[in-house]
Amino acid sequence: MAKLLIIEDDPFVRRFYERLFSFQKYEVFYGENGYDGLAKAKELKPDLIILDIILPDINGLDVLERLKKDPETMHCPVIMLTNIKDDVTIRRATELKADGFMVKSNVPADKLLVEVEKVIGKDNTLL
Amino acid sequence: MKKIVNNYLNSGMEVEAGNDIAIKVIFINIFTIFGVLPLLVFGSINTFVNHDFLVGGIEIFFGLVLVVNSYFLRVLKKKYLTFAVYVMILTVGISLISLLFEGGIEGTGIYWFYTLPVVSIFLLGRKEGSLITSTFIVIILAIIFLDQLNIVSIYYNFVEIRQMLSSMIVYFGLVYFFQGVIQNSRDIAIAKKDEASSLYASLLAEREKSEGSEKEVQEKLKELEDTKRAIINLLEDSKDLEESLKLEKDKMNLIISSMGESLLVVDSDLNLELINKNAESLLEIKAEDVLGKKWSGIVETLKDTTLTPDKERSFSKVIADRKIILTKLEDNHYYKTRSGRIFPVTSVTAPLVNDAGELLGAVKVFRDATEEKNSWQLIEKKVEERTKELKDARDKISEGWLQLQQEKARLTASINNLSLGFVIVDTNHNVVIINPAMEEIVGVKSEDWKFTDLQKVFTNNKLKLDDFCMHCKGKTDDYKVDGVDFNNKIVRIISVPIFLPENNKLIGSAILIEDITEAKILERSRNEFFSIASHELRTPLTAIRGNASLIEQYYTKELEGSDMKAMISDIHESSIRLIQIVNDFLDLSRLEQGRMQFKKENIDINPILSDVIEELKTPALEKKLDLKFVPNKTKSVVLVNSDKEKLRQVFVNIIGNSIKYTDKGSVSVTIENTESALKVLVSDTGRGIPKESQNLLFRKFQQAGDSLYTRDTTKGTGLGLYISRLLMTNMGGSIDLVSSEAGKGSQFSISIPIAK
């Protein structure tokens with residue numbers, strides 16, 4: 001069972017994703033903030049990290065940068081899932097080697113699942 | 001005759017000429033009556049022959065002097081007269097004295113001539129005559145006296161002295177007599193004529209009365225004949241005199257009448273003595289009517305408009321004061337003629353006084369000053385006008401100055417109360433004006449700002465003041481720097497050249513500094529607001545939508561047969577719509593602020609359209625609409641230059657709208673190739689757009705055909721077309737409504753520029 005780490009501070013949204021992915025038989029973990037997320041990623045080595053940008057301590061882009069720089073976590077795919085959708089942010093995330101960028105409000109649940117499946121599947125084939 | 005002489009004398013000309021004539025007359029008579037010259041000639045020759053050389057020589061010399069002098073007087077008239085007189089005085093004087101002291105004068109007979117020069121001078125009307133006469137008498141008396149006292153011894157006898165004195169008396173008598181003859185000859189002649197006429201008349205009467213007294217008549221006739229002869233003699237004398245006088249008078253009249261000025265002469269009683277032609281015509285009178293009459297009755301004098309009393313008139317004043325009077329134009333003297341004509345005059349009135357100091361009358365030279373007066377008045381008027389103009393100009397200047405002061409006060413107040421920092425620097429780098437707001441921004445207060453002070457402040461802020469004074473160096477464009485840091489503030493600096501409006505001369509620069517710190521903060525916070533708001537709004541919406549869709553998906557069985565299913569569906573739909581509205585608002589604010597970023601690239605639109613069609617198939621199927629797409633069928637792929645995502649957004653909006661507003665039939669998408677663009681045509685068989693609403697179609701918050709109160713709120717915010725058009729315009733393309741008919745459908749065209 002694939003391990004999924006969701007780094008998201010908003011409990012309502014977090015709980016929704018937990019439910020969504022649980023229904024799909026993923027093993028879901030979550031980080032409440034940036035540092036918590038980083039720690040969990042190192043500890044769990046998840047198959048996919050879903051990362052929000054606006055976080056209470058350090059922002060999602062900084063978290064992404066650290067994840068991609070840390071040899072322990074750098075191979076772990078990261079999908080940015082946020083409500084910030086301006087071009088600057090998207091470009092920055094791409095530069096920091098994010099594996100996907102999705103806008104929460106624009107992506108229906110089924111589409112999100114398809115995207116996640118794509119990344120994990122791709123990863124699996126690589127493995 | 002007296003009158004003529006008087007006129008002649010009173011005219012003030014050549015008084016001596018009268019004496020000249022008198023002298024000639026006297027000499028002629030002297031030589032004729034007493035035969036002095038033959039006597040002298042005979043006496044001198046006799047003496048000379050008797051070998052008395054001294055006396056003979058003296059007598060001949062005397063004779064020659066007399067002849068020469070007579071020649072001077074007679075032929076050359078008054079020329080050398082004075083010279084001749086002095087020669088005679090000298091000759092007689094020296095001879096007299098030498099004879100008295102040396103040889104005596106006994107038997108010489110020259111006593112007759114002793115007083116000749118004296119008489120001549122006397123007749124010339126000179127004081128010297130009486131002086132010399134008395135001097136001679138004194139000399140002779142002194143000689144007698146000194147001889148009697150035996151102080152000197154002189155050969156003389158009293159007979160000689162007596163003869164000499166008596167000859168003097170005779171000469172004086174002659175002079176008196178001839179003067180009297182000249183003056184009275186005419187009167188006497190007239191009197192004699194009258195006498196003769198009356199005598200003749202009485203004789204005739206008597207003859208008629210008594211024929212018998214023939215003898216008496218004969219005597220009377222003889223007496224009459226004598227009288228007549230005497231009259232004729234007298235008349236002949238006076239005729240000569242009159243002729244020469246007439247000659248002089250004619251000359252005078254010629255001069256007087258040819259002079260340009262008008263001339264009047266009055267005697268001391270103010271009777272008119274002389275008038276020239278000019279004066280006659282000016283005063284509208286004839287000489288013969290007015291000569292001898294009172295001057296005051298001939299013409300009236302006005303000062304301005306009031307009549308001048310006789311005593312005040314210049315002739316009267318001149319006669320009374322013996323002073324010259326000048327009447328000038330500005331004295332405003334006028335003459336009023338008998339016909340009532342009034343004209344301005346200028347004149348010179350002068351007294352006529354002879355050498356003896358006697359007042360003979362007065363002369364006036366005047367002219368009609370109408371023309372001068374007119375030009376004078378014209379000049380006065382001009383002067384008045386100019387004065388007024390000058391005054392007006394002065395008033396205007398002072399008014400202008402006042403306005404200028406007010407203007408300045410207003411301007412200063414405006415500048416000082418300006419919230420913008422304001423400074424004017426002239427081309428000589430002087431700080432002309434600086435306002436408190438500028439001092440506030442600059443952070444320095446000073447009474448005496450210098451360009452270098454200001455430069456320092458700018459340099460401290462890593463700015464060059466000279467950049468803002470480029471106009472001083474001849475640049476004429478505005479210069480603007482926006483959002484620079486200045487003394488911990490964010491400012492906008494604008495520099496504007498100042499020109500003189502009349503000649504476009506550059507005189508300096510106005511530098512404005514606006515503190516835009518607050519505005520910048522506001523702008524930043526507004527931008528932050530949008531991104532935060534988007535995040536904050538969308539996050540809970542995501543949860544709502546996500547949960548609703550999870551229920552719909554995973555709890556179908558539990559919901560079956562209850563109202564819950566519909567309720568969850570409504571929640572789900574509403575959340576989707578709300579997300580769409582938030583998205584629209586964010587897009588709109590970004591587009592309007594120009595903060596939307598476009599990632600333009602060369603792309604093929606076929607796959608994008610296929611994707612969109614695929615996505616929209618579900619709603620089309622739900623309405624049982626036929627959604628058709630005909631891809632571009634050119635041989636090679638035509639690429640357009642555009643932002644893929646934005647283009648997709650536009651396609652979704654336009655095609656989605658067509659599906660939304662079409663209830664029956666089809667929505668078809670075709671592609672048309674033009675030279676510069678690809679046109680995506682979206683046609684539907686929907687309700688169409690009414691003509692009157694078509695031009696409102698692409699406006700903000702506009703739904704075609706709807707007013708504010710009849711909005712179909714289930715169909716969006718009315719921002720879709722507006723945003724789509726903004727997006728396309730920003731990408732160099734366009735969206736247009738090609739055609740639309742109510743009830744039949746519409747066609748939209750999306751034009752995208754072809755990649756170069």
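**View 1. A five-strand open sheet in chain B.** In this predicted model, the open sheet of 5 strands runs S15-S17-S18-S20-S19 (chain B), with mixed pairing. Strands S15 (626-629) and S19 (734-741) of chain B sit at the edges with a single partner strand each, so one side of each has no neighbour in the sheet. Ignoring direction, neighbouring strands are turned by 15 degrees against each other on average. (Strands are DSSP runs of E, at least two residues, and helices are runs of H or I, at least four, numbered from the N terminus; strands pair if DSSP finds at least two bridges between them.)

View 2. S15(B) pairs with S17 (residues 666-673) of chain B in the parallel sense, over 4 bridges. Here Phe629(B) stands opposite Val669(B) in S17(B).

**View 3. Helices on the sheet.** Helix H20 (residues 644-660) of chain B packs on the sheet, touching S15, S17, S18 (677-684), S19 and S20 (745-753) of chain B, and its direction makes about 170 degrees with that of S20(B). Helix H22 (residues 720-730) of chain B touches S19 and S20 of chain B, at about 135 degrees to S19(B). (Contact means heavy atoms within 4.5 Å; axes are lines fitted to C-alpha atoms, for helices over the stretch in contact, with angles from 0 to 180 degrees between N-to-C directions.)

**View 4. Phe145(B), out in the open.** Phe145(B) belongs to helix H7 (residues 127-148) of chain B. Its relative accessibility is 54%, so Phe145(B) counts as exposed (over 50%; buried is under 20%, partly exposed in between; 1.4 Å probe, protein chains only).

**Notes.** Residues are numbered from 1 along each chain as its sequence is written, and chains are lettered from A and ligands numbered from 1 in the order written. Local features need pLDDT of at least 70 and side-chain atom pairs 80 or more, while totals for chains, interfaces and linings use all residues; side-chain values use heavy atoms, leaving out hydrogens and water.
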